[in-house]
Amino acid sequence: MGVKAALARLAAGAPARCFAVVGAEADEIAPWLRLDPELAIVDSPRAADVLLVLGRLDDEMLRAAAGVHDAMPPPRGVLSWSPRGERPVSWPPGGERPVSWPFTDDVRVDDPAQIPAACRRLRDELLSGRRASSPDTLPDIDPAPWRGVGPFGQGGAGMTGGVPYGRPLAARADDRDGLKLDQILVRVGPYLPPFPSGLVLDVKIQGDVIQEVSIPTPAAVAPDLMSAGAPSLTGERALFNAALTQPVPVADIEVARARHHLVWLAEALRVSGLEAYGRRVLKLARTMRPEAAEPVDDLSRWLRRNMSLRWGTRGVGMVSASRAAALPGGPVARAAGDGRDARSLDPAYGRLGFTPVVLEVGDALARWRVRIDEAQQALALAQRAGQSLTTPIGLVEGPCGPIGGDRSTSAALVTMLPELLVGMEWGDAVTTVVSLDIDMAEAALPHDAAVAGRAS
Amino acid sequence: MILNVTFWAFSALAVFSGWRVFRADSMVRAAYWLLVSFAAVGIILVLLRAEFLGLILILMMGGEMTIMAVFMVAFMMNPAGLNPMTMVHRNSVAIVAGVVSFLAVAALGLFARFPVARAPEGVDPTRKLGVELLGNSMLVFQTAGVTLLAAMIAAIAISSARGRYGDADQGSVEPDQMVTAPAGDVAAAAAHDPAPVTSPGAHQ
Amino acid sequence: MNALRVVIAVLSVGTVSVAGIYLAAWVDLLVGRAVAGLEVRPLDALIAPLRWGAATALKARTTTERPDAETWALAPALLAALAAVGLAAVPLAPGLLAADVANGIVLFGAAMALVVVAVFLQGWSPNSPLPMIGGYRFIAEGLSYEIPLAVVLIAAALPARSLAIAPIVTSQEHLWNIVRQPLGLPLYLMAGLGLAFWGPLALPGGQDLAGGSSLETSGVSRILWRLAQLLVLVAVAAMGAAVFLGGWLGPLFPGAAWMIVKTVILLVPLIATRHFVARVPTERYVVVSWAILIPLSLLDVFIAGIQALVAAR
Amino acid sequence: MTLQALLVVAAAIFGIGVYGALSQQSFVMIMMGLELMLNGTILAGGSMWALTTGGSPKGQMLVVVLMTVMAVEAAMGFALVIGIYRVRKADITEKIKRLKG
């Protein structure tokens with residue numbers, strides 16, 4: 001008892017280790033959590049004290065969050081925040097399998113600024129035993145019935161028959177060396193840390209080579225289900241959407257773009273193993289101003305010099321010119337030689353002497369470079385722009401691609417993933433997915449909603 | 001005394017883990033039980049002052065058993081032993097053969113008369129082995145090296161996917177053999193293999 | 001007398017392990033904060049590893065569906081034991097050697113060769129896909145670390161005409177091996193990073209696998225795994241100091257002090273690589289290792305052999 | 001630690017290896033049996049060197065040769081497993097009725 005109390009006292013000084021589950025309307029908060037010294041955002045629920053549920057989750061994501069919660073080792077707790085103070089219950093409300101909020105004893109926070117302190121408090125209470133560990137949310141049942149079936153009760157007949165422990169054994173399939181070896185079906189997401197939150201992929205892997213990829217849930221939710229509870233646009237998304245219908249200061253738009261790219265860069269660096277440098281970039285993203293762009297230029301130089309980053313991204317995730325042409329636009333297409341950029345159509349940008357950043361290569365390295373160059377360019381534009389306003393032409397170049405067109409770039413990228421990732425090794429696949437900068441909220445958003453927003 | 005206890009402990013471990021190899025359900029466990037057996041023998045060798053050989057045995061087997069484990073995982077249908085499995089044939093014959101060979105070899109060890117001449121203290125056996133390898137037994141040593149090289153080349157030749165006459169899994173056969181092979185065999189090969197059999201005329 | 005010396009040596013290995021792990025964790029925190037542009041607080045960083053350990057120790061050890069529970073529990077202990085054996089093979093001062101064997105280099109090599117077993121078991125046992133990929137990766141990379149490591153160590157042993165480490169240290173009295181064999185130390189350190197799956201070679205536990213082989217591990221096992229990983233780095237640094245930087249040789253101060261200084265000199269850059277060099281791509285690293293690093297290490301042993309021949313004249 | 005004791009242990013390991021090599025169906029398991037037999041042989045060779053040869057390195061030579069045999073056996077074994085699997089899709093002995101390619 002004495003030892004445990006002493007350990008708890010010692011542990012009280014550590015940052016609270018959180019596994020973050022990020023839903024809709026949380027994009028103003030989620031990226032910055034890593035900057036907080038009181039929190040440590042961890043990659044695995046097994047290493048977490050607190051499950052952070054941020055924003056509003058749909059059915060599938062809530063169900064997955066319950067699974068993540070149950071994987072956390074006790075003592076564990078849940079802390080939730082949602083933008084309008086309501087329980088972040090599932091949307092759409094009329095979904096096929098409505099789920100209720102699974103966490104019975106979560107701590108709710110209304111003010112996002114309170115999240116770190118509340119996390120620390122919750123963690124301290126849990127570790128010192130003043131608060132009970134939160135109970136399992138899902139029943140401990142097998143995914144398929146198998147017990148007692150077959151001659152040995154293993155779920156079927158024969159050595160590979162049946163579904164022991166509720167799952168089929170790995171099946172054989174051709175591999176790249178002309179052999180026929182075990183293939184494992186793995187569902188990754190929606191909270192796998194290197195992937196964008198909400199992305200779910202069914203992947204067949206042999207060793208660490210990806211043989212087949214499919215997307216289990218459609219990327220877009222039917223609009224009629226969304227009428228009651230569609231997530232509203234927050235943060236930069238609101239700003240870019242506002243530019244669809246009304247003039248917005250160019251400086252604001254461009255600073256938001258630069259910030260988005262730097263936040264992306266911080267995450268990409270983290271996934272590449274440079275966590276500390278990623279944190280530096282994240283801090284820069286929060287503090288940078290167009291008048292003082294030198295730190296961003298320094299960053300760009302440092303990245304260009306870093307050979308290890310080049311090595312990990314060169315030639316990876318090649319997007320061909322024809323694939324790029326099929327995209328609505330955006331940095332991914334521009335990194336593959338497709339020069340479309342909605343800003344070229346805007347006379348306000350024309351007056352500022354805007355020309356899009358285009359690279360011909362189409363690999364992950366080119367996408368990194370395009371984004372960094374665009375961030376630098378955006379800051380320069382913002383400084384030159386002064387008070388000038390955008391022209392609402394019905395199409396806005398968002399950070400991931402054009403907004404206001406027929407479909408979002410993120411949705412197009414998600415549909416492109418299965419073809420793109422097949423044959424890659426896991427590490428390259430992750431590099432590719434990260435370099436595409438898919439925004440799942442944008443991908444899930446039917447473009448009608450954006451159009452409706454324009455009308456209102 | 002301590003030496004004796006250690007020796008018996010590692011002997012027991014070597015035999016026990018050897019037996020577990022063929023009793024483990026999980027293939028990875030089977031491979032690593034074998035590694036334990038090798039490591040125990042390696043430590044006994046170290047106790048016998050054949051330090052270099054014992055350590056090299058452990059070093060070598062660490063890598064080999066890991067490769068073996070991966071092979072088992074790759075090729076077996078049920079590598080983790082999630083389903084109960086016994087993959088044995090002629091079990092009783094094998095048991096008899098095992099017991100008989102144990103008794104024969106053990107009898108040889110117990111009843112044959114060997115000269116007693118312990119390795120003298122104070123001489124570095126590793127140095128002597130090195131001098132021997134590169135001195136009197138140079139030819140043996142070199143032969144072993146060449147044998148290993150040949151084995152490497154042969155292993156690549158056997159296991160590579162592309163043979164001289166096409167892909168190995170398409171039943172690549174030398175064109176000459178295809179002509180002279182009995183008709184039945186070619187037909188059987190064709191029936192067995194979906195790949196089109198190249199007609200001899202195509203090579204004219 | 002002899003027994004007393006062994007007891008002292010074992011105790012000193014224990015002390016060096018604990019101090020080395022602590023130092024490694026401390027340096028990692030400091031460099032990380034400096035790179036992140038945060039205020040570097042050396043005193044806070046001294047207690048931070050303990051705080052992390054306390055918080056992790058209070059968590060339960062969870063399990064997965066049908067893991068190989070025994071091997072899962074064994075893997076961290078095995079890794080720690082192997083790293084300790086590797087460290088025990090290094091003489092910390094003249095006569096201060098825990099594993100008093102005549103083939104210290106081979107013992108170290110054998111311990112490092114078995115690291116692959118520990119990492120594979122850690123990845124395989126939880127019955128979970130991402131850890132398993134981590135385990136497979138380490139096997140795929142294993143030989144590309146072990147071969148250069150073994151070859152450059154053999155090259156370092158050549159001038160001493162002995163596989164024991166004390167003679168290798170004393171053979172550097174006039175010229176350290178880092179000068180005599182300039183290829184040796186860089187190759188050795190790269191291999192060492194790989195064996196400790198640290199920094200750019202953190203392939204089995206990389207962020208792209210969300211923690212990889214230790215993804216599913218929690219509680220005490222997680223602490224032990226982390227400690228064992230750092231201990232591998234310490235063992236690699238200590239051995240590097242002994243065979244490339246002249247070990248305990250040095251003026252004025254006692255031999256142990258020099259040994260410690262030299263170990264720290266190697267340990268700090270090993271730790272710091274994590275914050276400066278991105279993780280390398282798995283398959284391309286194997287190609288580079290077999291096509292460049294292994295030939296370079298053979299060249300290293302070739303040069304050492306010529307030097308030994310010339311010296312023998 | 002007498003020679004007799006060492007040889008009996010070696011015989012036991014060898015006997016288990018014989019059992020494994022004869023009883024197992026999977027190629028890789030058969031290889032494990034063979035390796036276990038060689039393991040017993042190595043132990044016997046090492047003990048002979050230590051206790052009967054008076055430290056002559058010839059005994060150690062024998063063990064080195066045995067290790068070479070083991071390495072060759074492993075390399076060829078793995079290669080054959082791949083080769084047979086590629087052509088016949090077989091990983092156990094029962095699936096190969098005849099040895100002709």
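**View 1. The crossing of α9(C) and α10(C) is right-handed.** A crossing counts as right-handed if the near helix is turned clockwise from the far one by less than a right angle, and as left-handed if anticlockwise. This is a predicted model; local features need pLDDT of at least 70, side-chain atom pairs count only at pLDDT 80 or more, and totals for chains, interfaces and linings use all residues. Residues are numbered from 1 along each chain as its sequence is written, while chains are lettered from A and ligands numbered from 1 in the order in which they are written. Helix α9 of chain C spans residues 220–244, and helix α10 of chain C spans residues 255–276. Their axes lie 8 Å apart, at an angle of about 130 degrees. Axes are lines fitted to C-alpha atoms, for helices over the stretch in contact, and angles run from 0 to 180 degrees between N-to-C directions. That angle makes α9(C) oblique to α10(C). Oblique is what remains once angles under 35 degrees (roughly parallel), over 145 (roughly antiparallel) and 65 to 115 (roughly perpendicular) are set aside.

**View 2. Residues of α9(C) meet residues of α10(C).** From α9(C) come Leu233(C), Val234(C), Ala237(C), Ala238(C), Gly240(C) and Ala241(C). Their partners in α10(C) include Met259(C), Lys262(C), Thr263(C) and Leu266(C). By class, this contact has ten nonpolar, two polar and one charged residues. Ala, Val, Leu, Ile, Met, Phe, Trp, Tyr, Cys and Pro count as nonpolar; Asp, Glu, Lys and Arg as charged; the others, Gly among them, as polar. Two residues are in contact if their C-beta atoms, placed from the backbone, lie within 7 Å.

**View 3. Chain C has eleven helices and zero strands.** Helices (H or I, at least four residues) and strands (E, at least two) are DSSP runs, numbered from the N terminus. The C-alpha atoms of chain C fill a box of roughly 65 × 45 × 45 Å along the principal axes. Of its 313 residues, 62% count as buried, that is, with 20 or more other C-beta atoms within 10 Å of their own.

**View 4. Chain A touches chain C.** Here 42 residues of chain A are in contact with 43 residues of chain C. On the chain A side, α6(A) gives the most, with five residues. By class, that side has 23 nonpolar, nine polar and ten charged residues.

**View 5. Chain D touches chain B.** The contact takes 62 residues from chain D and 73 from chain B. On the chain D side, α3(D) provides the largest share, 22 residues. That side has 41 nonpolar, 17 polar and four charged residues.

How values were computed. Buried ≥ 20, exposed ≤ 12 C-beta atoms within 10 Å, placed from the backbone.
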